[in-house]
Amino acid sequence: MKALAFLIALGAAAPASAQNLAVIHAEAWTLAGPEPVHDATILVGDGRIVSIVPRGGVPAGATVIDARGKPVTAGLVNAATQLGLVEVSSAADTVDQASRDSAGGPFDLSMALNGNSTLVDLARADGVTRAVIYPNPSRAGPLSGEVATARLREGADIVDRANVAVFASIGGGEWDSIGSRGRQWQTLRKMLSEARKQPDAPQNSRRRGKDRSEGSPRGPQSEEPIRAVAAGRIPLAIATHRETDIRQAIALARELGIKVIILGGAEAWRAANALAAAKIPVILDPQNNLPGTFDQLGARRDNAAILFKAGVPTAFGLVGGPIHMSYNAGMALRGGAGIAVANGLPYADALRAITVNPLAIWGVGGGGLAPGGDGDLVVWDGDPLEPSANALAVIVEGKQVSTQTRQDLLAQRYAKVRP
Amino acid sequence: MLAGTLWLTGAYPAAAQKVAGWQEDPFPSTYRAPPQADVLIRGGIVLDGAGKRIDGGDVLVRGGKIVAVGKGLANPGVREVNAAGRWVTPGTIDVHSHNGTYVLPLTTIDNDASDVSELSSPNVADTWIETAANPQDIAFARALTNGVTTIQILPGSTPIFAGRSVIVKPIMASTIAQMKVPGAPQGFKMACGENPKSYGADDDNEGPTSREGVIAYMRNAFLDAQDYKRSWDRSRAGVGPAPARDLKREALAGILAGDIRVHVHCYRANDMAAVLAIAREFGFRIASFQHAVEAYKMPEMLRETGTCAAVWSDWWGFKMEALDAVRANAPLLQRAGACVTMHSDSPSDGQRLTVNAAEAAGAARRIGIDIPPEEMIRWTTSNAAKLLGLEKRVGTIAPGFEADIVLWSGSPFSIYTKADLVMIGGGVAYDRSRPETQPVSDFEIGRKAMQP
């Protein structure tokens, strides 16, 4: 508690525009090896990590955060959540995960992201500094929306990158208007083949990686996202679980030469070697050990351990299903990674699955705790994979951000009333 | 023990009936505990569930019961288990489960007609959830292997009067009766707030459409049950014939008589206050509020009425009445002297209730409240037993209690910890070192997708 008060006081004293920040006495999880760097000094300047040196010096004028020997990790990255699109999930006018307009092509959810959401504050307080946001499946067709990444800086604008990937879903009960997954795969294949035949978009109109802060307003939706997938410029994220569908996805990627990411993948462990050979990444919920649907009969908690061992690029997201994956986008992610460790995944790999791997898989890159890396890091009061641990300090883009949540304020308000 | 079987209606003359209809158990338990395995658990970190911690503590189990707890116990000649570096606690009790009715995998058949709630009326007080629950739900096995030894299966929260609950042991069985805890108090589920009002607001359904309507519906039903109970009271005093059987009225009359424990699904403080006012008006007690996300705003009321709050550590925001949920709910209630327990409501969270407790305690540390492990463990053991009315039988490691015990590989509050040994009634229900004790449900058998 004392340490927390100390850090909060520090945060309040730091000028908002601080250019230089030093975290001292850190157990720094650089992931360069299986062990952390002890008593590290981490220097952050101009929004990036400058150096990580055991017992390193602190430049004059730097704002100092004393980690007191506690773990410091890169900012956590949730590889698949709907954070920023959801406020009250059962109140339809407060959510933006789905488009009911099936004619307009995949919709751009980046324009719906809301950094003022109370869910975002909580995720940030739980150590999440970036998140990959995906849309709901469309009941009408294969593609529903584009995937975007968010950077959990303070303020309303948390968009990092729009149009990171296109989202599709395959499985039992998906796409009501189509039926059998045989037809689902056929339809998807046809759309991609036709998109490939169309003349390629001019180089300068590619929206890949365009930062919305550059100010170019998004025009009306066209066929462009599916063409970008067909041309192999951005991945197609296929939400699917069953072994047969995972093998279909591998075949689709091979035949059309496109990039595919498996989202969900409850039975991915059953195709681990094929996925590794095809270099197809999997984003999975490490908590999942229940057959929620017939597509997920093979759900098991060593899914992640098996995939890592086989060499499949793997990251964690979707953790805890609809109840948790957005409402506890940080807490469920951490606990899920802990469950993966308890079921055979090496600790450092679990940290990779919630820091560098998500950004690598989605083609964004960065995110590590290393010199030259993004200035996103978290000081913890204990093992971050334990749900009982708290983030003492969260730094986004080189600036310390608030970790106070609406829940903290409510708890404090009612804790005060009574002796 | 098996009270219901002694009270079959036919054993008494129809006039001047001594035993009221609600006291019968038409679905009596046929439970048998796993074969007894006397054991001395030696040198563990023992949390007794009731607030005590013994480092290097021993627990002696004989004849299905806990015989002794302490340090350096003499071994009377039973198997000894070395618990050095491991933790020993009472078995976890999940007071809110839909296992057996929310059976995974869900299919379109469940979407069309689920067994979680009977939806023909807002008053389905005549239903008993044990007549629906499927013992082959793999969620029972997942719970057991994660240290759960007692589960209350509740009906869902769509009806206002949702029916009888059942308390079971998560052992492999062909029928729920074989899992049903014998002699446990009857439980009953009620619901207030968004769920029942949303149901009533649907054009096809009967029932109130607002919070105030739900509370009024409850009062009207209890008024009616009061009349019915008076007829039973006269009959039992020998001054009149027994009233005609009416399964809905007699369940409510049993609540008024204090024979059936009421568990009410409520989120907001004001919903809970309104239900407590009804209990006061009609002279009965509310055993628990389920979910109780705003309980931290009104702990005094719960303390005064002896009502427990069954809470989550981290479910919040998914509906309007859950907006003010805080992770520190349990610690705040504990500090205020109210009875609080964790609960799952889900087969996933039902596998890590002790870790949920740790998460709640971690949130309390953010506002300067420290809860030690020996207190946290109450939320999944002795307090949960109290909520169910089983506090003299399970939930505490003390002489005379049933030997429901978990030997954990480490702290039960760590995400990395596993249940090494799970004992129910002094028998081995699960031993992680012996694969043959791993429960396998009928559903899993012969399904290739589930086999390595």
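This is a predicted model: local features need pLDDT of at least 70, side-chain atom pairs count only at pLDDT 80 or more; totals for chains, interfaces and linings use all residues.

From H5(B), the contact draws on Ala221(B), Phe222(B), Asp224(B), Ala225(B), Gln226(B), Tyr228(B), Lys229(B) and Trp232(B). H6(B) answers with Arg249(B), Glu250(B), Leu252(B), Ala253(B), Ile255(B) and Leu256(B). Sorted by class, the residues of this contact are 9 nonpolar, 1 polar and 4 charged.

H5(B), which spans residues 211-236, also packs against H7(B), residues 269-282; here the axes come within 11 Å and cross at roughly 15 degrees. That angle makes H5(B) roughly parallel to H7(B), and the crossing is right-handed. On the H5(B) side the contact involves Arg211(B), Ile215(B), Met218(B), Arg219(B), Phe222(B), Leu223(B) and Gln226(B). These meet Asp271(B), Ala274(B), Val275(B), Ile278(B), Glu281(B) and Phe282(B) of H7(B). The contact of H5(B) with H7(B) contains 8 nonpolar, 1 polar and 4 charged residues. Phe222(B) and Gln226(B) take part in the contact with H7(B) and also in the contact with H6(B).

The axes of H3(A), residues 181-197, and H5(A), residues 243-256, come within 12 Å and cross at roughly 20 degrees. H3(A) is therefore roughly parallel to H5(A), and H3(A) passes H5(A) in a right-handed crossing. Arg181(A), Trp185(A), Leu188(A), Arg189(A), Leu192(A), Ser193(A) and Arg196(A) form the H3(A) side of the contact. The H5(A) side consists of Asp245(A), Gln248(A), Ala249(A), Leu252(A), Glu255(A) and Leu256(A). By class, this contact has 6 nonpolar, 2 polar and 5 charged residues.

The largest cavity has a volume of about 150 Å³, and 20 residues line it. Nearest its centre lie Gln407(A) and Asp408(A) from chain A, together with Arg327(B), Ala363(B) and Arg366(B) from chain B. Helices H2 (118-125) and H12 (406-417) of chain A and helix H10 (353-365) of chain B each contribute at least two residues to this lining. The lining of the largest cavity divides into 10 nonpolar, 5 polar and 5 charged residues.

The second largest cavity holds about 110 Å³ of space. It is lined by 15 residues, and those closest to its centre are Gln287(A), Asp314(B), Arg352(B), Asn356(B) and Glu359(B). Helix H9 (331-342) of chain A and H10 of chain B each supply at least two residues of the lining. Of these helices, H9(A) gives the largest share of the lining, 5 residues. By class, the lining of the second largest cavity comprises 6 nonpolar, 5 polar and 4 charged residues.

Among the open spaces, the second largest pocket has a volume of about 970 Å³. It is lined by 33 residues, of which Asn289(A), Asn343(A), Arg142(B), Thr145(B) and Gln438(B) are the closest to its centre. H9 of chain A, together with helix H3 (138-145) and H10 of chain B, each supply at least two residues of this lining. The lining of the second largest pocket has 14 nonpolar, 11 polar and 8 charged residues.

Two features of the backbone remain. In chain B, the peptide bond from Leu104(B) to Pro105(B) is cis, with omega near 0 degrees. Pro105(B) is placed in the loop between strand S6 (92-97) and helix H2 (108-112) of chain B. In chain A, His25(A) has a phi near 55 degrees, a positive value in a residue other than glycine. His25(A) belongs to strand S1, residues 20-28 of chain A.

Key: Residues are numbered from 1 along each chain as its sequence is written. Chains are lettered from A and ligands numbered from 1 in the order in which they are written. Side-chain values use heavy atoms; hydrogens and water are left out. On a 1 Å grid over the protein atoms alone, a cavity is a set of points where a 1.4 Å probe fits but cannot get out, and a pocket is an open set with protein on both sides within 12 Å along at least five of seven lines; lining residues have an atom within 4 Å of a point. Grid points are joined across faces, edges and corners, and a volume is the space filled by probe spheres set on the points. Helices (H or I, at least four residues) and strands (E, at least two) are DSSP runs, numbered from the N terminus. Ala, Val, Leu, Ile, Met, Phe, Trp, Tyr, Cys and Pro count as nonpolar, Asp, Glu, Lys and Arg as charged, and the others, Gly among them, as polar. Axes are lines fitted to C-alpha atoms, for helices over the stretch in contact, and angles run from 0 to 180 degrees between N-to-C directions. Angles under 35 degrees count as roughly parallel, over 145 as roughly antiparallel, 65 to 115 as roughly perpendicular and the rest as oblique. A crossing is left-handed if the near helix is turned anticlockwise from the far one by less than a right angle, and right-handed if clockwise. Contact means heavy atoms within 4.5 Å.
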